[in-house]
Amino acid sequence: MMSINELIPMLGSVLELSSIYSIVTLGLVFSFRMVGFADLTIESSFTTGAAVYAVLITQTSISPLLALALAGLAGSVAGVCTALLHVKGHISRLLSGIIMMTILYSVNLQIMGKGNLQLVNTVTIFDAVPTGVRPVCMVLLALLIYAASFLLLKTHFGYLLRTCGENPSVVEKLGYRAGGFVILGLVISNALTSLSGAIAAQYYGYSDVGMGTGLIVAVFAALILGESVCSPKSIFRLLAAAFIGSILYRLAFEIGLRMNIHPWNLRIAVGLLLAVALVLKQAINRKHSKLFVGVGGI
Amino acid sequence: MIRLENINVTFGKGTETEVCALDIPALELFEGSWNNVIGPNGSGKSTLLKVICGQILSLEGKIFITGKNITGSGASKRFDYVQMIEQDPRNNTVASMTIEENLRLYAFRRGSPALSFLKSGSVAEIRKLLARFDMGLEDRLHSQAGLLSGGQRQAVAVAAVLLRNPKILLLDEFTAAIDPKTAPKLLNIVKQLAADFKITVIMVSHDLEQVINSGDRIFILSSGKVAEDIATAAAKITKAELVAKYTRVLEEEGVL
């Protein structure tokens, strides 16, 4: 059994990491639940964020906050590219994501100049706070971004964004083209993902070209897990599900590590976790199908 | 009010599969009138609606609405004054949104500030409008549209559309998926509302009973052409007469 001296730092790191990755889950809410786009670009745009941040912080003297913002901007450009492949190029959603994910891998290498960039002794946004309080700061930062997203989704723009994924024909009846909202949805989604990647680079102390690999499954698992414990019948509950799911996923991951699962087998565990979460969610949906409709028409 | 001149929509022009979906030399619909359109499958009913709302841009001919030539403007512009309600209730409203959210979504017009909160403004107007449908919808503002019956959901769609103050309302078999008891009731309410709001209505229907008891005019379409134009506002037509005319059109087309 774990002692209390081990438990608290472990929970601290779980909270900190899950808060960082919860921003990607929030991105998935925008791409998948709002505009209906299961966007694979995030596997690479996460790394893009980390790469842009690492290069800016090691090679220039700009503030870490500005570097984070620029990292987010880089991700939004990736989002525009993926969306344009689909909206203007009429390539399927899945393939658009795969294409951009692949292209971005090389772009990320070009940005960094090598496969791995160390961030030792660089400034971070958390320099001012003691190490023990960092998890709390990270949770607060994540909640702030969630709150801003909540407010955005409660505006007319937010409702139009949501309509675009669930019912594009209504968007058209309102005099808009659904394509524009797909672009904006992916811009927001990939900007959040890149931002999260940049914060992750700060946390780990490096940027690595492979750090986004497997991310899509992880955030899907987190979102679905969250939705099965917190039915997403309103925007508030959907965002709560994304945040709670991110923590639950990271907790399950940590428990897996502590149970001495061989690192080779971690992906089996993650895959199984997603499968279980999906089965659970389907079962709950069948039971409650007459009680509510989930945001995104689920 | 609505004037169509030399409208011709031909799909697959110059190929073996060329088909003329719509061919209307001249057609004028009066302001605030209720126009019924019937015809067999493929006769051009849906094409006519799509040409008017701009989903199909006719390459030939002209369309005027209240004297203004709108031939070149696309669906996104026309949806400011033309609205369409489709047969499948799921296409007209957003399932996961509440009745109130659906109505407020439709009330939003292009050019208004997009970052204002959806629920700003009073609910009195919304309740008053919903009460007209006599379905208790005004007390269920926070029910999700996806949980309503087909009839209730179409009623919400009509209410939502009216909040946009359209000049023209296109109804594409909008009661076809509704039970036979609710359908005529809803149709009557929509007729009253259309009269109150002075909206020109074009209703496509397969239900001759519905058509005969409502409106000012009946068009029978056949192979993209107006085969019969029957004014029913002044001189009523009996069901037998309509059936006879419709049967003759079907025979000429070779359907019967």
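Guide: Welcome! Helices are DSSP runs of H or I with at least four residues, strands are DSSP runs of E with at least two, and both are numbered from the N terminus. In these terms, B:Ser223 sits in the loop between β9 (217-222) and β10 (225-231) of chain B. This is a predicted model, in which local features need pLDDT of at least 70 and side-chain atom pairs count only at pLDDT 80 or more, while totals for chains, interfaces and linings use all residues. Residues are numbered from 1 along each chain as its sequence is written, chains are lettered from A and ligands numbered from 1 in the order in which they are written, and side-chain values use heavy atoms, with hydrogens and water left out.

Visitor: What is the phi of B:Ser223?

Guide: Phi of B:Ser223 is near 50°, a positive value in a residue other than glycine. Most residues other than glycine have a negative phi. B:Asn6 also has a positive phi, about 50°, and is not a glycine either. B:Asn6 is found in strand β1 (residues 2-11) of chain B.

Visitor: Why is B:Ser223 called partly exposed?

Guide: Buried means under 20% relative accessible area and exposed means over 50%, with partly exposed in between (1.4 Å probe, protein chains only). B:Ser223 has 36%, so it counts as partly exposed.

Visitor: And A:His86, is that residue buried or exposed?

Guide: A:His86 has a relative accessible area of 18%, so it counts as buried. You will find A:His86 in helix α3 (residues 64-87) of chain A. Not counting residues up to four places away in sequence, A:His86 touches A:Phe37, A:Ile91, A:Ser92, A:Arg93, A:Ser96 and A:Val182; contact means heavy atoms within 4.5 Å.

Visitor: What makes the pair A:Lys173 and B:Glu86 a salt bridge?

Guide: A salt bridge needs a side-chain nitrogen of Lys or Arg within 4 Å of a carboxyl oxygen of Asp or Glu. The closest N and O atoms of A:Lys173 and B:Glu86 are 2.9 Å apart, and the pair qualifies. The count between chain B and chain A is one salt bridge. β6 (82-85) and α3 (99-107) of chain B each supply at least two residues of the side of chain B that touches chain A. On that side, α3(B) gives the most, with four residues. By class, this side has 14 nonpolar, 11 polar and seven charged residues. Here Ala, Val, Leu, Ile, Met, Phe, Trp, Tyr, Cys and Pro count as nonpolar, Asp, Glu, Lys and Arg as charged, and the others, Gly among them, as polar.

Visitor: How much area do chain B and chain A bury between them?

Guide: About 2500 Å², 59% of it on carbon and sulfur atoms. Buried area is the accessible area (1.4 Å probe) that two parts lose on being put together, summed over both. The contact takes 32 residues from chain B and 30 residues from chain A.

Visitor: Which parts does the salt bridge of B:Glu60 and B:Lys13 tie together?

Guide: The side chains of B:Glu60 and B:Lys13 meet at 2.9 Å, N to O. B:Glu60 lies in strand β4 (residues 60-65) and B:Lys13 in the loop between β1 and β2 (19-29), both of chain B, so the joined parts are 47 residues apart in sequence. B:Lys13 has 53% relative accessibility and counts as exposed.

Visitor: How far apart in helix α10 of chain A are A:Glu254 and A:Arg258?

Guide: They are four residues apart in α10 (residues 235-258), separated by about one helical turn. A:Glu254 is buried, with 11% relative accessible area, and A:Arg258 is partly exposed at 41%.

Visitor: What makes a nonpolar core, and how many residues has the largest one?

Guide: A nonpolar core is a set of buried Ala, Val, Leu, Ile, Met, Phe, Trp, Tyr and Cys residues joined through side-chain atoms within 4.5 Å. The largest has 119 residues, and those with the most contacts inside it are A:Met34, A:Tyr53, B:Leu103, B:Phe133, B:Leu171 and B:Phe174. A second, separate core of 31 residues includes B:Ala21, B:Leu29, B:Ile70 and B:Phe219.
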